[in-house]
Structure formats: C-alpha cells, structure tokens
Amino acid sequence: DDYHKNSSGAVRKLANMVLQACGINEGLPPHCFEEGDDERDVDDFIRQLVENCTSGDADMTMHITGASKASRKFRDNFADFWDKFVGHAPEPYLLSLQDNPFCPWLHAMSTSQLMILRLVAVMAGLGIMLALV
C-alpha cells in the first residue's frame, strides 16, 4: 500500500531498513529518492554514507552479526521479511524487478566498500531471489 501512495517514500523505508540491519542508524535523506535528482546517483549517496561510517561520524550498532539471542532473532526476522515482501508483491512488480526503484539501491549497497553493508545487501537480495523460487 505504501508503494502505491508514495513510491519514493516506500523505497526510502526499504533502503533505510537495510542500513539499520547493518547497524547504520543514519538514514538516507528523503531528497535522494525523488525522481529527477540527476545531480548525484545512488552510488554517490551510498559512498558518502560509507565515508561517514568509516570516519566514525555515523552511529553504528551491529544487529545482524551478533551472537546473542536477539541478534539471531533479528536475522530470522530479516530473512522472513523478504519472503513476505515478495509474497505480497503484485506479480507485475515481480516480473520486472529491474524496473523496481529499490533495486539500484540494493545493488549500490552490495558493491559498497563497507563489508557489513555488502553482507546485508546480499542477504536481502538472496532473500528476494529465494522467495521468488
């Protein structure tokens, strides 16, 4: 429902959820999800975020890599989310994932210099692919 009402807001929520799973509590600004923002591309926003994280300017709390019971539950919930995400998506959206505005963000995160961001983005992508099968 959120996607139909405000697609850029829905994509922002998904991207920020992936970042939070990495432990990056700093979200991406709303303007970077607006259509027509040709000044900077997706990779530039992710690169800037990674620079903030590696310089120590970002608040990071690892949720996905911990060994605690809460971390295991978080990982399970993260995987379950992508299964439900695909399960509730209308078929036309699934047939054209490359046109989905979230995919460039997921790709940019999966090629990031920050290992934890690559890990979580790949886990999300794998979760989507497994749910499709």
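1. Phe78 is buried, at 5% relative accessible area (buried means under 20%, with a 1.4 Å probe and protein chains only). Trp82 is buried too, at 0%. The model is predicted: local features need pLDDT of at least 70, side-chain atom pairs count only at pLDDT 80 or more, and totals for chains, interfaces and linings use all residues. Residues are numbered from 1 along each chain as its sequence is written, and side-chain values use heavy atoms, without hydrogens or water.

2. Seven aromatic pairs turn up in the whole structure (ring centres of Phe, Tyr or Trp, the last by its six-membered ring, within 6.5 Å; planes under 30 degrees apart are stacked, over 60 edge-to-face, the rest tilted). Phe78 and Trp82 make an edge-to-face pair, because their planes stand at 80°, with centres 5.9 Å apart. Both sit in helix H4 (residues 69-88), four residues apart, about one turn of the helix (helices are DSSP runs of H or I, at least four residues, numbered from the N terminus).

3. Trp82 also pairs with Phe102. Their planes are at 15° and their centres 5.8 Å apart, so this pair is stacked. Phe102 lies in helix H6 (residues 102-110) and Trp82 in H4, so the pair ties together parts 20 residues apart in sequence.

4. Phe102 is buried. Val11, Leu14, Ala15, Val18 and Trp82 touch Phe102, not counting residues up to four places away in sequence (contact means heavy atoms within 4.5 Å).

5. One aromatic cluster takes in Phe74, Phe78, Phe81, Trp82, Phe85 and Phe102.

Terms used
Helix = DSSP H or I, 4+ residues; strand = E, 2+ residues; numbered from the N terminus. Buried < 20%, exposed > 50% of the residue type's maximum accessible area, 1.4 Å probe, protein only.
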